[in-house]
Structure formats: C-alpha cells, structure tokens
Amino acid sequence: MFLQQIINGLTLGSVYALIALGYTMVYGILELINFAHGEIYMLGAYLGIILLGFFTAIGLTSYSLTLSIILTLVLTVIFCSSYGFTIEKLAYKPLRKAPRLSPLISAIGVSIFLQNYVMLTQGATDKVFPQLFGDRGIDFLSSRISLLQAAIIVAAAAVMLVLHAFVSRTRMGKAIRAVAQDKTMASLVGINIDVVISVTFIIGSGLAAIAGVMVAMYYGLVNYFIGYTAGIKAFTAAVLGGIGSIPGAMFGGILLGLIEGLGASYISSEYKDAYAFIILVIILLLKPEGLLGKASEEKI
Amino acid sequence: MRKLAVIVAIMILTLSFAAGCRKKSDTIKIGVAGPMTGDQSKMGMDFKNGVTLAVEEWNAKGGVLGRKIEIEIGDDQHDPKQAVSLANKLANAGVAGVIGHFNSSCSIPASDIYNRAGLPMISPGSTNPQFTEKGYRNVFRVCGRDDQQGKVGADFVTNQLKLGKVAVIHDKTTYGQGLADEFKKALGRSVEVVFYGGIVQGDKDFKSVLTAIRQKGPELIFFGGIYPEAGLLVRQAKESGIKAPLMSGDGTIDPKFIEIAGSQAAEGSYLTFSPDPNNIPSAKGFIKNYEAKFGQIGPYSIYAYDAGNILLEAIKEAGATDGKTVSDKLHSGEFSGAMGKIRFDAKGDVTVAPYVVWITKAGKFVEHWKP
C-alpha cells in the first residue's frame, strides 16, 4: 500500500509541480503572485476535453490515440500561452510601475473574470469525458500503476528537464535569470525586459496547459471552478519549495502530492486538504524562504 | 447639463421605487426553492418543472380559492447560506408556502426561517432525519428519510447479498454522512465495517482513500453522497483495481453518475431509491403530461409535482392561505398524489416511505430488489 500511495502522490504531485512552476517563474521576475494562473490551467483542461471530444467525433482517437493526444497538447499549449501573453500585456504591464498591490488585485480580477467567462460560455455543470485508456495498467509488488499515471509522471518529468535545460543552457534562459536577479542591471546590459517577461508568461501558461490536459484525461471531469483549488495548492507548493526558485517549485509540488496521498491514507482522508496547509505553516515558521529558496538579502 | 442628469437620475430612482411597491396582487404565490444553477441544477429543474405542471393544471381549473396561482422560483445554489437568504426573500415576497429545498443542509437552516414566518414547507427531496426532528408544525416532506433508506440498503447487504465486509465513506455533508451513518447502524452483526471515513465534496482525486480501502478488501463500498463524487469514486476504484461494487443512496440516481463513471465501471452499482414511477398505476397521467411538456421525467419530478398538488389541495381545503391553518390541514388530511395516497405523521414525514434497491445495468438504472 505504501508504494501505491507513493505512485498516487507522484501523479498528483507532478501536476502540482507543473502549475507551481508558472507561479514561481512569474514571481521570480515580477515579484507578482499571478492569481490568474490557476484559471489558465482550468482553460487548458477545458480545451483538452473539447479537443479530445472533437478528435473522438471525427474518429482520430480510434485511428491513433497518441497522435490525437499530442495534437491536443500542442494546440492547448498554444492557446493557453497566448492567453498568458495577452493577460500580461493587458492586466499587468500597464501596472508595472504601480504599487505592488495593484497588479495583485488586477490578477484577482482576471481570475474572477475568466472563471465567470467559462461558466457562462460552457455552463456551470461538470463536463464529462469518457475514458480513453480504459483501466489498463501495470501490476507489480501488489501495487498498480495505470497507463495514464505513468504517462503523467513521465511527461511531467520530461517537461521539467527540458525547462531546466532551457533556463540553465540557452541565452534566453540566461536572460531570464538575469532579469530575476536585477531588472535594472539586466536592461543596462541590453536585455529586453519586456520580451523576457512575455517569454516567462508564455512558458508558465504552457506548463499549466499541459497540466490541465493531463488532469482532464486523468479524472475525465472538468468544471469552471477547478482552477481555484489547483491554483491554491500549486501556490502552496511554490512557497513550500521556495518561491522564485524553479527546482523549488518542482520539489514542492512533488512533496505536496506525496504529503496529501500519504496523509489521506494513513491519518484520515477527511482532512486531505488540510495537510498541505499545515506543512506550509510549519515551513513558513521554521524556514520562511522555503525549502530550496535562498534567504533574500537586502539589496544595497 | 449636469442638473439635467441629476433630475433624470432622481426620476429613474423614484420610478423604480414606484414599481417596487405595486398593489398587493390578487394571485396566490407559492415558492419553489432548490439548486437551480450549479452542478446540482438538474434536481432544481425537476422541482421547477414538477411544480409548474401541478400549478398549470390547477390554473386550468380556475386556480385555488378563486385566485390564480403564481410560482416564485428561488435558487439556493445548494449552499446553506444562500438557502437562508433565499428563505428570507421568499417569506418577504408573501408566498403561501414553499416547495423545497433539495439538499438537507439547505432545508434544515431554511426551515428555521419558514417556521418563524409560519410558512408551510414541503421538501420533495431532503431525506436527512434531522429535517423533521425539530418539532416544527410547518415542515413536511414527501420523500422518505435516510434512516429508512439506510435500513433498506443495510437489509439488502446483510440478508440478500450476505456480505461479510463493507467499507463506508461519506462526503461529510448533512445528507451524505447521515445516510452513511444510518446504513452503518442498520447493518447486521454478520457484516463487518472494515473502513469508515469521509472525503471532501468537490475533490476530484480519491485514489489515496481508495488505495487504503483496497487494502482492507471489502466486498462492497457504501457511499453517502451526491453523484459527481460517486461517479469519480467508481471510475477511480476500477482504475485502482477494486472489484467491489458501489452502493449509494438517492443522491446518486442521476444519468450523470453513469456518464462520469463510464457505463462499464458503473455496471452493477446499487442505489436505494423510491420505486420506478413507471410501475406506479396512479402516476401514468402525470408521466404522460410531464413528458409531453418537459421531456423525460427526472428522479424528483414526481415528488415535486405531488408536493405542489398537496400544498394547493391543503390551501383549498383550509379555505385560507394563512400558514397555520394550511399546516394544520396538511397534518390532518389525506392526499392522493401521483405516487399514491399520502398522509403526514406528527413530525411531517410521510407515513409510508417505500424504498427499493436499484441497479445500474447497461448504462441505465433499473429496479432490482424490494424489501
């Protein structure tokens, strides 16, 4: 049972980690908690269900399931990234010189707007999607990993590796790190801040879109409200790992998934949502910068 | 220019006030309260359609006490806080009685408000025992109670299926936990409860609790709750390799349950619910009229229809719309509804509450076992 709970926790944690990356990257650069980020994930889940439904209707899923899933992922990433890009340009950029609270409130506004927009266009009831994978899975050591769980864990790990390579190896990655360290200095050495910020939002939204599609397939159920809980959990994961730190978000997400899974089975499933926040409070008291975060020094 | 704007604004305000204090209308209003929006809106629509049909039939015969009947629809969004504010709103709107609410967690706090206002309230769907246990004279329900429902489920598991081990989960709501507890209490000595616990309503991931349940090897999982969670539970139980069937109550009997679970996974799930209206002779006319107007009947359409008829019948017999007289009439009278003869006991419960066990077969609910 322990191994099974680890598998469950890893699946959930991978999704949290993917969403948490978007929070942490934006915070690293703008020091803004992008509350609309959970809604991007929700949009991704909706589009995932709609596209998969469309592909089933035209018969593509029965022709090649892999192809239709890849196509869904690509289209959803493009769609959500353009949402992320547009939201930044419309709601955050005009407020970049405003007090720090203003973009935060703007983010909450965007979040409420997107929720209600989806509720009005897609309806308030749950959207259901039939299972594509059946209950195929691999049994080992009295545990069971379903095909979808394996796919989620592997895909999330691959995406995170690519992201890590991008940030540490490429010129753009270097620029992102530079802007995160000091915006003014970065612009003095010729980095276009606006481009870097846009790229950050595009990447973050793309990751949330991938998480959304995976969840849509995994649970087969989407409603306009899922972005809220997922967003809060992912934000917790980001803070847990150290907000602003990319490895921290990955680590925090996985850790949160494991805590929830193990807590729900060994202590009580009734307080599943509470474990994450209890851990958060403890971490904030003992190590406020997060598990992998660097203690920030006052800039001189 | 500015002065003009102010004058226009004042005019608009006065006009809207004037519209607000219309003359007292000479129609009789009855309230319909339930979840009209949100994920349980289907149940709300059943309420609305059932009562609408009843009222239209009365109006075609000339209304009640010589006055036409009007419906005031209210949405409680299955939120207890909304339910209380809606109850206040309906009481202030001067309705003669209320058909509602659906969720026990809404009906119970709302009943306090209706009791204070002296309004008769008939719920077509709240099955929690607490609802009629407050000693209010104005509270009624046309459906059964969870203790009766849980008993039928437990009877089926103990004596018909003759199982030895069951797991019991609930969604921590008044309805869900109430039903699960009544089921657990009524189980025979031969049945062991190997797991008992709650989940969070609105959660989507039950893998960890299901893994813990799988470890205990129950032969059946009883779930007290509503269909979105029940559907996900069945789906994820099959994914986690659990073979035991799910059993649940009337909150799960909705086509969406099968849709969410997938018809393969839902196959063989048991549900306790009232008998199929299609098998009740007195319901023939109702079903024909309802389906001609609104399409297929929902699980609560017939309850709402009967509740509406009973309220209007009581008003007619009482010869008044005053809440106390109508409530007294409801307690003393015998009413013939689409479901058969209905009488209320001193608490406001129906004297005979028939529950049967249904099963999911090939993507449909069918009657399976009568106690």
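In chain B of this predicted model, B:G31 stands opposite B:V98 in strand 3. The model is predicted, so local features were taken at pLDDT of at least 70 and side-chain atom pairs at pLDDT 80 or more, whereas totals for chains, interfaces and linings use all residues. Residues are numbered from 1 along each chain as its sequence is written, chains are lettered from A and ligands numbered from 1 in the order in which they are written, and side-chain values use heavy atoms, with hydrogens and water left out.

Helices (H or I, at least four residues) and strands (E, at least two) are DSSP runs, numbered from the N terminus, and two strands pair if DSSP finds at least two bridges between them. Five strands of chain B form an open sheet with parallel pairing in the order 2-1-3-4-5. Strand 2 (69-75) and strand 5 of chain B stand at its edges; each has a single partner strand, so one side of each is left without a neighbour in the sheet.

Buried denotes under 20% relative accessible area, exposed over 50%, and partly exposed in between (1.4 Å probe, protein chains only). After helix 4 of chain B comes B:G118, with a positive phi near 70°.

Further along chain B, strand 8 (residues 220-224) is mostly covered, with five of its five residues buried. From this strand, B:L220, B:F222 and B:G224 point one way and B:I221 and B:F223 the other. Strand 6 (residues 165-170) of chain B runs parallel to strand 8 of chain B, to which five bridges join it, and B:V168 stands opposite B:F222. Three bridges link strand 8 of chain B to strand 9 of chain B, again in the parallel sense, with B:F222 opposite B:M247. Between strands 8 and 9 of chain B the chain passes through helix 8 (residues 227-239), giving a right-handed β-α-β crossover; with the strands pointing away from the viewer, the path from the first strand over the helix to the second runs clockwise in a crossover of this hand.

Strand 9 (residues 246-248) of chain B is in turn joined to strand 10 of chain B by two bridges in parallel, and B:M247 has B:Y270 as its bridge partner there. Both faces of strand 10 (residues 270-273) of chain B are covered: B:Y270 and B:T272 on one side and B:L271 and B:F273 on the other are all buried. Strand 10 of chain B also pairs with strand 13 (residues 356-361) of chain B, in the antiparallel sense over four bridges; B:V357 is the bridge partner of B:T272.

Residue B:F273 belongs to an aromatic cluster with B:F47, B:F102, B:Y300, B:Y303 and B:W358. Over all chains, 24 aromatic pairs were found; rings of Phe, Tyr and Trp (its six-membered ring) pair if their centres lie within 6.5 Å, and planes under 30 degrees apart count as stacked, over 60 as edge-to-face and the rest as tilted. One of the pairs, A:F35 with A:F235, is tilted, at 6.3 Å centre to centre and 50° between the planes. Because A:F35 lies in the loop between helix 1 (2-30) and helix 2 (37-57) of chain A and A:F235 in helix 10 (residues 226-241) of chain A, the pair ties together parts that are 200 residues apart in sequence. Both are partly exposed, A:F35 with a relative accessible area of 29% and A:F235 with 21%. The pair A:Y224 and A:F225 is edge-to-face, at 6.0 Å centre to centre and 70° between the planes, and A:F225 is partly exposed at 40%.
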